[in-house]
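Subject: Structure handover

Hello,

Here is the structure for your files. My notes on it are below.

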Amino acid sequence: RGRAPRASPAAVMFTQACTAAAGAAGLYLLSSGKAPTSISTILEQPMDVKVAAGVASSCGLLLSARFVEYIFYKDDQVGKGPFSQTLEFMAASLRKTISSKIVVNNWIDEYNELHKGEEPDARNVAYAKLVNAYYELSTLFYEVGWGTSFHFSYRMAGESFSEGMRRHEYYLTSFLGGLKPGSKVLDVGCGIGGPLRSICRFTGWDVTGITINEYQVNRCNQLAARQGLSGQCRAIQGDFLAIPAANGSFDGVYAIEATCHAPDRRKVYSEVYRVLKPGGYFACYEWCLTNKYDKNNQYHRWIKKKIEEGDALPDMAYTHEIDDAMRGSGFEILHTRDMSLDPNQKFPWYHPLTPSWNPLVQRFQFNPVGLFLTTWGLRLLEFLWLFPQGNFQIQTTL
């Protein structure tokens with residue numbers, strides 16, 4: 001039997017604080033004999049009673065919202081709804097900034113400096129710094145705004161966003177040669193391990209993920225422990241151009257929109273080939289340019305540049321360049337295709353990035369009102385010192 005998901009520490013502390021505050025305010029009102037019986041009587045009371053009544057009622061509403069969230073999300077695989085996620089996001093952001101002593105504005109300036117100009121030479125040389133800075137800044141935003149699986153997928157009819165993401169992940173595992181439970185598998189560029197944990201539960205494999213970013217390693221292992229999967233999957237810190245593993249260490253390897261961060265595709269694929277057992281399979285989703293891309297078209301170049309800036313890509317490669325790099329690394333290509341052309345798509349891969357006016361969906365943040373509220377909400381939190389300075393700039397960049 002699986003263990004029930006734990007509530008986030010931030011949500012637990014918030015619930016305890018609200019309960020204590022509501023209890024203290026209620027006791028004060030009862031002991032003073034001035035407990036108001038209606039809103040109109042509150043206005044007639046002295047300031048101390050108004051404050052106590054306001055604290056009691058506000059905390060009561062927040063606790064009610066937390067209870068409703070618990071009812072709706074208690075069976076969720078991470079045990080958190082949007083309320084808890086927001087609290088954890090704020091707490092984690094403050095902890096990360098304090099513990100790592102990061103000055104967000106400085107990191108943003110360095111990241112933007114690497115993306116000046118269209119030529120990728122500087123980004124290729126400093127790719128490790130580029131990717132690490134990007135994920136140090138963006139991981140928390142991705143987790144709250146997108147989820148724990150940092151990739152795209154199209155949706156078929158009847159699928160929710162999360163169902164489409166899981167199908168996309170499970171489908172990739174079908175290309176690893178029917179590995180048995182307990183097989184040793186490597187996730188190249190695992191992020192905070194959303195796919196890693198999902199694939200572990202689905203297949204029973206023993207999965208190791210590698211990511212260059214220390215915060216992602218810690219967060220991945222924290223979430224694995226919370227879901228009772230520490231013995232079956234874990235993340236390690238490392239560069240996938242020099243994977244810290246012996247030759248032939250893994251029965252299978254997969255990568256989900258990760259090796260596109262490498263400046264040299266042949267080198268990263270060669271590393272995968274090295275750590276893969278002879279006869280093993282490597283399955284990969286990759287960001288690519290198609291032959292429709294025209295480097296002489298200014299609009300095409302602008303789109304390519306914005307994708308590279310928004311996803312920390314040193315330089316995007318053509319599909320045929322990816323295939324050639326695979327073969328040059330020693331692989332035999334059994335299957336390759338452009339998945340954006342797959343049939344039976346109800347919503348394309350980019351649909352979650354299109355604006356919506358429904359305030360209950362994630363896409364609301366991309367309409368003009370949502371962008372305004374998000375940006376100025378972050379600025380207000382920074383002004384109140386409830387959020388690290390400079391984070392609204394991360395949201396703007398993303």
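Predicted model: local features only at pLDDT ≥ 70, side-chain atom pairs only at ≥ 80, totals over all residues.

Residues are numbered from 1 along each chain as its sequence is written, and side-chain values use heavy atoms, with hydrogens and water left out.

The chain has 15 helices and five strands (DSSP runs, H or I of at least four residues and E of at least two, numbered from the N terminus). Of its 398 residues, 43% count as buried (under 20% relative accessible area; exposed is over 50%, partly exposed in between, with a 1.4 Å probe and protein chains only).

The axes of helix α11 (residues 265-275) and helix α13 (residues 319-328) come within 8 Å and cross at roughly 40 degrees. The axes are lines fitted to C-alpha atoms over the stretch in contact, with angles from 0 to 180 degrees between N-to-C directions. In α11, Arg 265, Arg 266 and Tyr 269 meet Ile 322, Ala 325, Met 326 and Gly 328 of α13 (contact means heavy atoms within 4.5 Å).

Glu 257, in the loop between β4 (250-256) and α11, has a positive phi near 50 degrees. Glu 257 is buried, at 15% relative accessible area. Asn 344, in the loop between α13 and α14 (368-383), has a positive phi near 65 degrees. Asn 344 counts as exposed, at 61% relative accessibility.

Regards
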